[in-house]
Amino acid sequence: MSAPIDVSFFERAAKPLTSYKPYWAKRFGPAPFLPMSRAEMDQLGWDSCDIILVTGDAYVDHPSFGMAVIGRVLEAQGFRVGIIAQPDWQSADAFKTLGKPNLFWGVTAGNMDSMINRYTADRKIRSDDAYTPGDVGGKRPDRAAIVYSQRCREAYKDVPIVLGGIEGSLRRIAHYDYWSDKVRRSIVVDSKCDILLYGNAERALVEVAHRIAAREPVENITDVRGTSFFRRASEEGWFEVDSTTVDEPGEVEPHINPYMTTSEQAEAQGQSCAKEDAEKQGADAAPAAAACGTPAGAASTSASTLSNVQPLQFVPNLSLRHKSKMPARDRTVLRLPSFEEVKSDPILYAHANRVLHLETNPGNARALVQAHGEGTTARDVWMNPPPIPLTTAEMDWVFGLPYARSPHPVYADETGSHEGATKIPAWEMIRTSVNIMRGCFGGCTFCSITEHEGRIIQSRSEDSIIQELEDIRDKVKGFTGTISDLGGPTANMYRLGCKSPQIEAACRKPSCVFPGICPNLHTDHGPLIKIYRRARKLPGIKKILIGSGLRYDLAVKSPEYIKELVQHHVGGYLKIAPEHTEAGPLNKMMKPGIGSYDRFKQLFEKFSEEAGKKQFLIPYFIAAHPGTSDEDMMNLAIWLKKNGFRADQVQTFYPSPMATATAMYHSGRNTLTKVRRQMRDEAEERVDIVRGEKRRRLHKAFLRYHDPNNWPLLREALKTMGRSDLIGNGKQHLIPTFQPLVDGSYQSARKKNSTASKGGTGLGYTTNKDGKAVAMAPRRPQEQQEPKGDVRFRSAQPKPGQLLTQHTGLPPRAGVRAGAGKPAAAKKSGPARKSGR
């Protein structure tokens, strides 16, 4: 008889968001925009704000911006909410603009982690910020959540600070910090906030706000799911378990063979024991005992000595105990290794990261605790289990609040428009998009979506989605009839989930689609197809595009969905992300094999041909991901050339805090399996880490094998790898033998991407008589001409009549006159879509 399944937290009814008694200030009604100044407060008739939100983004009143959602949710609960957006953090003065909040501060770094927003994967400062008017960089500090919290405390030190947002979510325990290359403390410690809300925090925030409004001290609010806070003493009524008993990181001792003698056992361990021989020969037992590790004085054991021997204590393995005898999971807390331990020991860091990811299912997750500090200064950072996901009705309520769907009027230019110099690129990208769901069960190790939103899919109703489409059509100024996206973290996970609520509540797998699609996961795309068809029929809606990332291994399970997508919702090019072609890195990413991409490509081309359309797939790939060897990147480059792809924009692995791949990057171990000091299988658990600027540049160069600036580096690498056969002037070769005149720099397709590359010296490269690349003297622009040679490899410029977009090598657009083509670097492309990965 199988063991009974615990009742899931996910099955228990959480208190609905709309069931709270509204705060008294609800009589003021909703504001056109949440106020950002005293003058706006006066117009609303407010003498003060109950809650003030501080954010690193410009304030855009749209449901795709976290602060707008949080502000409108709190407003609907009856609170007066003000916003301080992108304040001057050099002093506390800017934080006093709206006066003292009556209840608490709400602090976030913004929609993006402030460090990822500010720095490229090569740690270079970006010159732009898509969440700032005018796309201007530098409007928020590094580690903005910490800086803003400190300034809030300086402004009004007795007001509680509630920290949230993705920056807080990804730093809720001790975490590896890529920019300083060390393990940092929990953000709860560094920010000195009173309570941290992680993940999509509407449920937790509403409860915390009402309890603070009821004059409950914030330090007493310790039972809300999805929160993290300080605790100096152990809580009564909780059963504490050392995390190393759940997932043992230490040395694994082999079992003793009961059929071996003592001497044979010692010999198997590389030791010797002459005790048996000494007894046979009648020799003195003392030296024999000493050879076995026994003190000489203990050779003859007396009765008094035996009385002092303590019996061995056997502790039961919690993972093998019957569930009915185990303590309740909702009263169990796992103690992770302390900050000091994980900081000094990468193996313990990898172990802590693995345990955290095992405890992410709202149905069975246990609380976690991690000590910070030693002695009298020691404090525990306590993290409650994740919040219960929102129901469909609650999702509809959140997205149905009275958003203005535009930036705050303070950002308007001299004409009163948001289209000129003060345009906010992030708003421009999502102004006509609709978010239909939350969460992702893909579990990609480099991605932060699962750590923040969880892997339980939370979907809106069909009527709610259609209502938002109608609002865009009727209220968004300048709407042309095209919806830019109808998706979410993943385009085609709407209403997908586990077939069994009981299995969903008990599951601890990090992914529902790796190494294959779980048999308990239903892959019916019918509800999504129905929405597409109903949305297309709306009057005034001319075209609906799908801009979110597509999970193609799920899509191939529903050819009808692919047909619907390809024939009605693709604007010529569809971006998908196979990420790699080789099994090694794909396994570390938890991504499907390239065979799934090939099957999707076949269906894509088939349905495009049936519709009489010429459409193309644009695959995205990652360079320098943990587990990627130089040979893997070389094979990917060969695949790219064989399939005619020339990547223009290259994505390099970016170790975001708390991601599984980041733990691999820091520790060199595969945290998808148990982390052990003495590894049973080196090939299985050791991970090849791409460190150092030279090797990261090499992996990027393989992705841009067609760029002449990369050829000297690739030639050197291919010769070192013993693959000189890939160097030559034939079609079968990866790079040519000659070197054209280039400036040594890389020009991104983005107008402004990062600080200038050090490689942009104006020097060209050529080859000497030995075939090695050598630098040439700088030349004036008019002298920068192509060298003579094989016309197939003269230049990376497009042929006449060929207009390039995301990738080179694509067919020219219809109607382009021969000879009208311009160099690729001269073309302007739209702002790159910032990924949540």
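Trainee: Where does Ser-461 sit?
Mentor: In this predicted model, Ser-461 is in the loop between strand S17 (458-459) and helix H17 (462-475).

Trainee: Is Ser-461 buried or exposed?
Mentor: Ser-461 counts as buried, because its relative accessibility is 16% and the cut-off for buried is under 20%.

Trainee: What does its side chain reach at 3.2 Å?
Mentor: The side chain of Ser-461 reaches the backbone nitrogen of Ser-464 at that distance, 3.2 Å.

Trainee: And which residues does Ser-461 touch, not counting those up to four places away in sequence?
Mentor: Ser-461 touches Thr-392, Asp-396, Tyr-494 and Arg-495 on that count.

Trainee: Changing topic. What does the UniProt "binding site" annotation cover?
Mentor: According to the UniProt record, an unreviewed entry, the annotation covers Cys-440, Cys-444 and Cys-447.

Trainee: Where are Cys-444 and Cys-447 in the fold?
Mentor: Cys-444 lies in the loop between strand S16 (437-438) and helix H16 (449-453). Cys-447 is placed in the loop between S16 and H16 as well.

Trainee: Why does Cys-444 count as buried?
Mentor: Because its relative accessible area is 15%, and buried means under 20%. Cys-447 is buried too, with a relative accessible area of 10%.

Trainee: What is Cys-444 in contact with, leaving aside neighbours within four places in sequence?
Mentor: Cys-444 is in contact with Arg-551, Met-589 and Lys-591.

Trainee: On to helix H19. Which of its residues are buried?
Mentor: In H19 (residues 526-536), the buried ones include Leu-528, Ile-529, Ile-531, Tyr-532 and Ala-535.

Trainee: How are the buried residues of H19 arranged, seen down the axis?
Mentor: They fall within an arc of 160°, so they line one face of the helix.

Trainee: What covers the buried residues of H19?
Mentor: The cover includes H17, strand S19 (485-487), strand S22 (543-544) and helix H21 (559-568).

Trainee: Last topic, the largest nonpolar core. Which residues touch the most other members?
Mentor: Leu-486, Phe-600 and Phe-702 do, out of 170 residues in that core. The largest share of the core, seven residues, comes from helix H7 (residues 202-213).

Trainee: What is Phe-702 in contact with, leaving aside neighbours within four places in sequence?
Mentor: Its contacts are Asp-630, Met-633, Met-634, Ala-637, Leu-714, Leu-718, Met-721 and Leu-734.

Trainee: How many residues are in the second, separate core?
Mentor: That core has 28 residues, among them Met-41, Ala-109, Ala-145 and Leu-196.

Definitions and conventions. Residues are numbered from 1 along each chain as its sequence is written. This is a predicted model: local features need pLDDT of at least 70, side-chain atom pairs count only at pLDDT 80 or more; totals for chains, interfaces and linings use all residues. Side-chain values use heavy atoms; hydrogens and water are left out. UniProt positions are given in the numbering used here, feature names are shortened, and annotations may be inferred rather than shown by experiment. Helices (H or I, at least four residues) and strands (E, at least two) are DSSP runs, numbered from the N terminus. Buried means under 20% relative accessible area, exposed over 50%, partly exposed in between (1.4 Å probe, protein chains only). Contact means heavy atoms within 4.5 Å. A polar contact is a pair of N or O atoms within 3.5 Å; within protein, one must be able to donate a hydrogen and the other to accept it, and residues adjacent in sequence count only if both atoms are side-chain atoms. A nonpolar core is a set of buried Ala, Val, Leu, Ile, Met, Phe, Trp, Tyr and Cys residues joined through side-chain atoms within 4.5 Å. The arc is that of the directions from the helix axis to the C-beta atoms.
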